Structures are given as structure tokens and as C-alpha cells.
Amino acid sequence: MWRSRCGPLGVTAGFTGRCRRHSGTSSPPTRTRAEKDRRRREREELIFNREVQHPGMKWTEKQKRTYTGSTLPGEKKDTTSVPFPQSYSPEYVESGWYQWWEKEGFFTPEYHNKLPHAASRTFSLCIPPPNVTGTLHLGHALTVAIQDSLARWRRMLGCKVLWVPGCDHAGIATQSVVERRLLREHGKHRQDYGREEFLREVWKWKNEKGDEIYHQLRKLGASLDWSRACFTMDEGFSRAVTEAFVRLCDSGLIYRSEALVNWSCALGSAISDVEVEMKQLTGRTLLSVPGYEKRIEFGTMVTFAYPLEGVEGEVSVSTTRPETILGDVAIAVHPEDPRYKDLHGRACRHPFTERLLPIIADALVDKELGTGAVKVTPAHDHTDFLLSQRHSLPHLTVIGGDGHMTSLCGQWLEGVRRFDARERVMEALMEKKMFRGRRDHPMSLPVCSRSGDVIEPLLRKQWFVRCGEMAGKAIQAVDDGELEIIPSFYTKTWRNWLSNISDWCISRQLWWGHQIPAYRVSLPNSKNNQEEELWTWGRTEEEARQRAVTKFKTLPSDITLSQDTDVLDTWFSSGLFPFAMLGWPRKTPDLAQFYPNTILETGSDLIFFWVARMVMLGTELTGQLPFKQVLLHSLVRDKHGRKMSKSLGNVIDPLDVISGVSLERLQEKVKEGNLDPRETTVAMEAQRKDFPKGIPECGADAMRFALCSHKIHGEDINLSVSQVLSCRHFCNKMWQTVKFTLGALENSGSPLGTTAEISPLSSIDRWICSQLYSTVLQCERGFENYELHSVTSTLQSFWVHSLCDVYLECVKPVLAAGNGAEDGEVQRARQILFHCVSVSLALLSPFMPYLTEELWQRLQPHGGTADPSTSLCVQGYPQSSQLAHLHFPQEEAEFPLVQEVARVTRSLRAQCHMTRERPDLWVVCTPTQAKTLLRFAPAVNTLARISNLHLHYPDDGENSPHVPSAPRPPKGCAVGVVNHSCQLHLDVQTQSHFMDKQKDAISKRREKVVCTLQQLHAQTRTPKYQEKVPERVRKETENRISAMQQELKNLEDQLQALDRGGNRGP
């Protein structure tokens, strides 16, 4: 069931480019077919024309380290006696932890009772059940990363969390896989086995191969409660499916009727819209079709003439499917088309059947396309079927379920395969001199994603779910605020689609699946025939018999029952998942405690196929909405913006990103897929240029963090492996930070206490503590608003820029041996460093469970407060209320000046090529700025790498610092500008000609900035810039313009200061 796709809902809106205007569609496509084709060609050209090397993916093979401890599977990993490796290795870190987590039951709601911080709140959700035949790709990995982050966060907050894993039986996919296997290994078709024996073979395959998807989920670190894992064909779940069908039948919401369905001749079954892929053709194209030796032509429009009956003349019509001519029952024209005004009510004579074809007028016809007249084939086209209902036209089925022509076609075509019949019809039209031409015709060809077969709309008696009333309730739930859809802009999509919903065909002509609990009733001496069917239903055959006795008022012995051989659509069982997984229809404790679910999180492409159906079925069957919120994330695309699809060969296996893979193996996978030769070439070329050395080992933590770092609400995510690799570098940064911290704590004899006991004294200590508080606060807000990208950005920024770039550098001199620092100062530095790292690991735990667990376990012996037998994943999540005493807004407000002084000073040092020297620095500033720099003087000296800091400021009485102002800067200094009131003068006495060189360098840089600004402004003034350019890109451009303008101002200030000789203050 779990699919990740994009595009139109299905084929029911129209078929193969017929020359008409369709009505009743859900919503118009966002882009025209021509635009889509143009974008596809541009992306392919970019792939072929791009250079092989690109900066993001330059990497060298890292040494893989394997955990060599004696820990048995399920035991806690040894982090005390095993030496701390020199560098981060994903394979080493991710070894052993998951088995221990699972064995200890940390992911079960029952563990909630052991939590000291347990809260009286529940949090429940279900994973979109992946197909039992499938393997995960990065779209699935995004879903897992988001859901697991939310589940782990709630668990650490003390909620009783239930996250249920499940697997979908995937009727069509599984049956196809097993059929191919039996044919390959034994040379037999399923019909050779019989239904019961074939189903035993399917169960055998499922028991052998069906757990692979669960292995992948564990590899990703998903904190699922495996004790409650459910499979949609399990006995309990099957009981729920039967109950749902019977209840819906009893309430009149399921009925049996004849209607057009998407039919795969190769599978011999109707298929759902989601299993139909629309193949875009730009014109004449030869495609492989199952069962045909030679390729079949598509993408052409054939025009032929029907002679008018009773008068001279003809009506020319066009079609992309000439084989359906034998099923034509009318010709349709637009009522206002002047070319056919005189023909309304007349008829044409069918050249092959001699049948009269009435000419009907209907506004559905698009008079601007083709000849303006279209053939009407109700039994093989969705719009034609609608026309037949409006005009009481007959339905003639000329193509059977096996893809062969029926007896209605006459002996010359009966039994002929449909595309062979196409050629015969064309030859016959030419012989009768009725052929009028053939031309290329861009079109959308519906193809079965499971078999590769071309979809045939066929008229079949099937079971349908009546959706109108349930859809109305689903709309009302959103309008009334009972169901929240996030992001909110999807509510319009929700309303539009459900307002135009069609009834749902739930019959599938398969053997694998839930056999429909409906029974054909045969009565003695009755007129029970194909035209007049008698049906009943029941939870068991005996119940169905009793229902039939009551319904048909007869004796049980007079009734013969035959169960429908069809099975239910897989989406029907998937739609029951939120409550069936909890034991429904039985009144279980889980159902009472965790239903409705707290939230549903899934891809935005499933809003119709799965989400809407869950809401409709859940509300109808349980009387409650199945969840309170729906969180929809964007789709993952490749770095070129193409959707990830097996048909494009650009799907990336998450396990390949986690463990690494060679280019050769990537290309083997493409060759193993049944791709179009053109797509194979494009896919392999993209791999060769994107991954010239393969994909490096990045680890699950880096991949999860990278996925959650994207804004998931809005535009699709163009993910490149280089972004994941960058997150692996961040993992190594964390590793080295903890390694340094452990070294600093090695000889610490005094206890480090809790965060409540922290009492920072120095300005830099107060600043880092306040930064930690602000980070926790931002994480709370980000999680509450489901803005995970802001949480990951905040955490990475704190760790890299605040903790590593600033605080570690500032405390290194304090911690260094023999530096003369007081013992109290050293101990405070150790305490603050320990808690900054420890709290940060807890904050990162929902995103990086493996790495944070490994590092936290090594760090905790120095803290002495945590239970050594427990895990980080069940510790309390840091709360801003617990750290409120560490909030120092003054230090936070002042420190940006310190950072900017350090940055400009380092820039001046680089310009002067002063790598080792530690010169003096004069700062010409206001008294207020001088006070700030004085308070942070040790930090300025360390971060700017200077020997002495001299502050020159005008005397402002009481507002002046307690230290007298330094003399003016000496001549010959390098000058830098922090802002309009703060200038830096770096002593470069040994660089006598530096000032002239600095002016030249600044002038050249100014020219480049001016040129760039002009280009950016020109971009923003292009026609329809606001409409065409995505909001995210516009925002990035605005930010860049603002930054460049600020840089230009600073450059001009520097030039003015240098012109004044660089020896006088402002």
C-alpha cells in the first residue's frame, strides 16, 4: 500500500487523448503536458551536459570500524571498557543498540509506567503499512524519520506512546511476484495449482521474504512497538475487514453494479487508480506490451469516415484506439458546432456491422479538437459511458478481460488480440476506402504499474462503496475544526476532491487478498440468471445463509451459496488500519486507550488514496474520526527535481545511503529494472555523474537528520546524497566534541551535579548557558508546530557555531594544565561543558538515536545522575522551564558584537597573511560597546587571536567603562569596519605597504558586489517574477540582496577609514 508517487489521481478523468473536453474531474493539472515534457527534456539535457565532478560529493573512503565488544545480541552495548575510537564510524556506532532497545521494551507503551517523568497523556499513530513485497526508498525513509522523531520526542516528554508497525498484503504486487517465481522455478501458472494450493505458495513466500521490510525499518532506527506488529492478512485483521464489509452492506453503503473499471489484461483484474501510471507520449512511440513479441505503436491519431445514412456525405472522426471501432454506438458533436448543425438527429452506417450510429449533440465534445466529431464507445471509455447514460445508448463490449476481441466483433476478429486487431481494422478501413489519415498525437497512456500492461477500461459487475454521504462528513469534519490538516492549504484540495468523488470500486479479480464475504444465491425453480443476480453476505457462510433465508423467504435447504471469487481492493483493508490494528471490532484495551489516534503523518500524495478513505471508513464504522490531525509532508525528488520512480531508475535505497554502495552495484540495479531503454540510459548517466565513486557510507543518523532538515510542508524536497554526507560530517563533529569533553572530564574528581545546580559567573559561561536555554525553547516551539527543519537547524547551529566555534575555544585555555586558573573556574567550565553536551545529545536524540545513545552512555558516568541500566531514549526531554535560571538576555544581546569583532579581525589577519602572529588590536567604539568588549575581553582575545585588546572611546561620564580609554590607534594599521560606530585597527607594523594593498583589494571586492547586486535586482524585475518564482527562491534572493547591501556599506566605510589614514577614530 505504501507508495510514493505524484501526478494525477488516476485514469477515470479521461483516456488516451480523446478529442473532447472532460467534465467531472477532480482538479485541473498544475502544468500542461507540453510544459511537463519541456521540463523533462531540460532535466535530461542537464544530466548529459553536466560535468562529472561537483563539490558536494567529493569524498574519500573512510576506514570502517566494527564494534568488537563481547556484547551478545539484546544485551547493552559495552561503552566503558571498549576504547573510544578516534573518529566517527556509522557501522561501529549503530551496532548493537537496536536489539537492546527492543529487548528492554523501551518502545512499548507498557514501559511508560517505569518512567519517573511519566505524564498522563497518550500519543498514538500508525505507520503507513508498506507492501510486503516492497523495499523502502528515500520517500519512505522521510516518513519514518518524521514519525520516529515525533514518537521519540513524545516518549521523552513522558507520554504513553504507541507507534504500531504494519505490513500490507499488497494483493496485486504479491500475487505477481509469486506467479513469476512459480513460472520461473517450476514452469507453472497459478491456474495449474488451483486457488488453495496457490495461496499456500503465497504464504510460504511471505513467511520466507515478508520480513525484509521490517529489517529495513529497524535499520533506520524506527522506535516501533514490534509486539503489536500486524499484517493485513492476519486472522484478527481479516476479521475486521469482513466486519467492515458486512456493516457497510447492511447500511447500504456497499452495492453491486456494472460500471467501467481500470482493467489490466495481463493481471486479469481491475486495479485501483494508484496502480495506474500515466505515461506521457509526445508522438508516435513504440512500446513493449506484455504478451506481444513486437513493440506496439502508440501516440498516433487515426482519422476515418463514417458514411451518412440516407444522404450523400460522411462524418470524419478521430481515435487513438481503432480496435474499439466495433464497439461504437453513436457519433457525438458539440451542439453549437456549425459544421454539424444540419446533422443533428441523423445517423451513420457502421461499415463493419451495418449498425446505425445516431449523431448526438452534447457539450462534452470539444469542437476545437480534431474534426469536432468523436466516436462513442460506452463499454471502453469513461466519458463515452457518461454520454451513454445521458442519451440511453447501448453498451457493446468488444474487448474481453483476457485482452482478446469478443464475438460481437464478428468471426474475422473474434479471439484476436486487441493490438493485433488494431492492425486488421486499419487494413479493413483502407480496403473500404474510409481511411482519412494518421498523425502524431501527444497523449497520456495509462499503464499498469505492476505488469506494464496498457490499461483497458472495461465494463464489469463489481462491488462499489457509495462515497457521497461519507465524503460530506469528511468535508464537514475539516470545516468544523474537528480534523486538522497540516499544512492548511491542503484543506482546499481535500474539499475539492471529496466534493467530486466517485463511488469506489473495491472488487479485484485476484486470489491473494480478502475474499469478498458475499455469496451468490441460487434458488430452485427461480429465474436466477446472469442478468438477475441474487446476493447475500455475512461474517460466515452460515450467517449469509440465514440472511438469505430471511431475505428471500425460503428454507435453508433450498439455498445454494457460492462465495464471490473476487477479493477486496487492498486500499479497503488499509483504510481500516488506525482501528483494526488496535483490535477492532473487539473492544480491546488498546482500542479504548489509543483510538482515535493522535495524528496521522504521511506523504501528501496519499491524501486521497489512503487518508480520505481512512476518515470516511473510520467515521462510519467507529462513530469517531480515526485521528485528530493529519500531517502531510512533501514528496522527495532527486537532485534534478525528478520524482523518484522505479520507471525512471532514480530510486535510492536508504540502506545504500546508510551502508554505502559502489557505482557498479547502483548500475546493476538499474539494469535489473524493466526500464525503457531511453530511461535506462538517462538513469545510468545520472548515476555516473552524481556518484562517480558510488555512495559513501553515511549512516542512519546522518540520513534521518538530513531528511528532517528540509522544510517538509510546501514544495517538494530535492534531496541529494551530498546533503546526507554533510550531515555525516556533523556527526563526526559531535564525536570529536564528546571526545574532547571526555578528556576534559577525565581528572575531574568533584561531582558535576544537575542543570539546576549550574551557576555561571563569567560572561562567556553565562552566554553559552543562555544559548542552551534559547536552543531548548526553539526546539519546543519547532516540535509543537511540526517544523522539524527549524529544530534540526537550531540544534546544528548551537552545536557547531556556539558550542564548538566559540565556547570550546574559549574554555580551552581555562582547562589547559598549568594555566594558573582557579580550581573553581576550571570545575565550573567542566560542569557547563558537560551539561551543554549532555543536554544537546538529549535534544538531538529523536533525530539521531544511535549516535546520541553511544555518546550519552559514554558521558553519563561523569554525571553520576542517570540510571546506568537505562537508555537516553527514555530520559526526559529537556524543557525550557527547567533551564529558566540559565537565561541571560543581556549576554545574548551583547555577544553578537563580540562575534563580529572576532570575524572582522580574522578577516584582516587573513588579508595581511598573519597566520601565527598575535598582534594587538585597537577598537574605536562607543562607551557602551567598550563595556561589552571589556566584559568579554578573554573571549575576544581568544576568538580574534590577538595579544592585547585596546579600547578607544569618548568619555561619556557614568556610561563609560571603569577602565580608562586607550590612546588612539597608531599609524599604519589595517582597518576594518564592524558597523558605523565601531572600527578595528590591527597593528601590522611589519606590513608597511599593506594599506595600499588593502585599498586595492577592498575596491575590487566592492566592484564585484555592485555587479552582483545589479544582477540580482535585474532578476527581481523580470516579468511575472512574483507569479513564476517559488516563494522560497524569492526569499533566498531577498536575503542575499540584503546581505550584499550590508557588505557594500561596510566596504565603503572601510575605504573611507583608510582614506583618512587609518590613524584617527570617528
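# Sheets, charge pairs and cysteines in a predicted model

As for its surroundings, and leaving aside residues up to four places away in sequence, D987 touches M914, P919, D920, W922 and C973.

In general terms, side chains of opposite charge can pair when their charged atoms come close. By the rule used here, the count comes to 49 salt bridges, and I will go through a few of them.

The pair I take up to start with is E179 and R190, whose side chains meet in a salt bridge at 3.2 Å, N to O. This pair links distant parts of the chain, with E179 in helix α5 (residues 171–186) and R190 in helix α6 (residues 190–193), 11 residues apart. Are these two side chains buried or exposed? E179 is partly exposed, with a relative accessible area of 23%, whereas R190 is buried, with a relative accessible area of 8%.

Next comes D328, which forms a salt bridge with K375, the closest N and O atoms being 2.8 Å apart. Here D328 sits in the loop between β11 and β12 (330–333), while K375 belongs to strand β15 (residues 373–376), so that the pair links distant parts of the chain, 47 residues apart. Both D328 and K375 are buried.

Then there is R766 with E891, whose side chains meet in a salt bridge at 2.9 Å, N to O. R766 lies in helix α24 (residues 763–784) and E891 in helix α28 (residues 889–911), so the pair ties together parts of the chain that are 125 residues apart in sequence. Of these two residues, R766 is partly exposed at a relative accessible area of 24%, and E891, at 8% relative accessibility, counts as buried.

Beyond the pairs, there is also a network of salt bridges, in which E243, R247, D250, R539, E543 and R547 are linked.

Let me turn now to the sheets. One of them is an open sheet of three strands in the order β11-β10-β16, with antiparallel pairing. Strand β10 (residues 300–307) and β11 run antiparallel and are joined by six bridges, with P307 standing opposite E314 in β11. Helix α11 (residues 418–431) packs on this sheet, where it touches β10 and β16, and its direction makes about 135 degrees with that of β16.

Another open sheet of three strands has the order β19-β27-β26, and its pairing is parallel. Its edge strands are β19 (484–486) and β26 (597–603), each of which pairs on one side only. Neighbouring strands of this sheet are turned by 20 degrees against each other on average, direction ignored. Six bridges join β26 to strand β27 (residues 627–633), the two running parallel, and L600 stands opposite V630 in β27. Helix α4 (residues 138–156) packs on the sheet, touching β26 and β27, with its direction at about 135 degrees to that of β27. Helix α18 (residues 607–622) also lies across β26 and β27, running at about 165 degrees to β26.

I will finish with the cysteines. How many disulfides does a search of the whole structure find? The search finds zero. For C249, which is buried at a relative accessible area of 4%, the closest cysteine sulfur is that of C467, 13 Å away and therefore too far for a bond. C810, likewise counted as buried at 10% relative accessibility, has its closest cysteine sulfur in C804, at 12 Å, which is again too far for a bond.

Technical notes
Residues are numbered from 1 along each chain as its sequence is written. This is a predicted model: local features need pLDDT of at least 70, side-chain atom pairs count only at pLDDT 80 or more; totals for chains, interfaces and linings use all residues. Side-chain values use heavy atoms; hydrogens and water are left out. Two strands pair if DSSP finds at least two bridges between them. Helices (H or I, at least four residues) and strands (E, at least two) are DSSP runs, numbered from the N terminus. Contact means heavy atoms within 4.5 Å. Axes are lines fitted to C-alpha atoms, for helices over the stretch in contact, and angles run from 0 to 180 degrees between N-to-C directions. A disulfide is a pair of cysteine sulfur atoms within 2.5 Å. Buried means under 20% relative accessible area, exposed over 50%, partly exposed in between (1.4 Å probe, protein chains only). A salt bridge is a side-chain nitrogen of Lys or Arg within 4 Å of a carboxyl oxygen of Asp or Glu.
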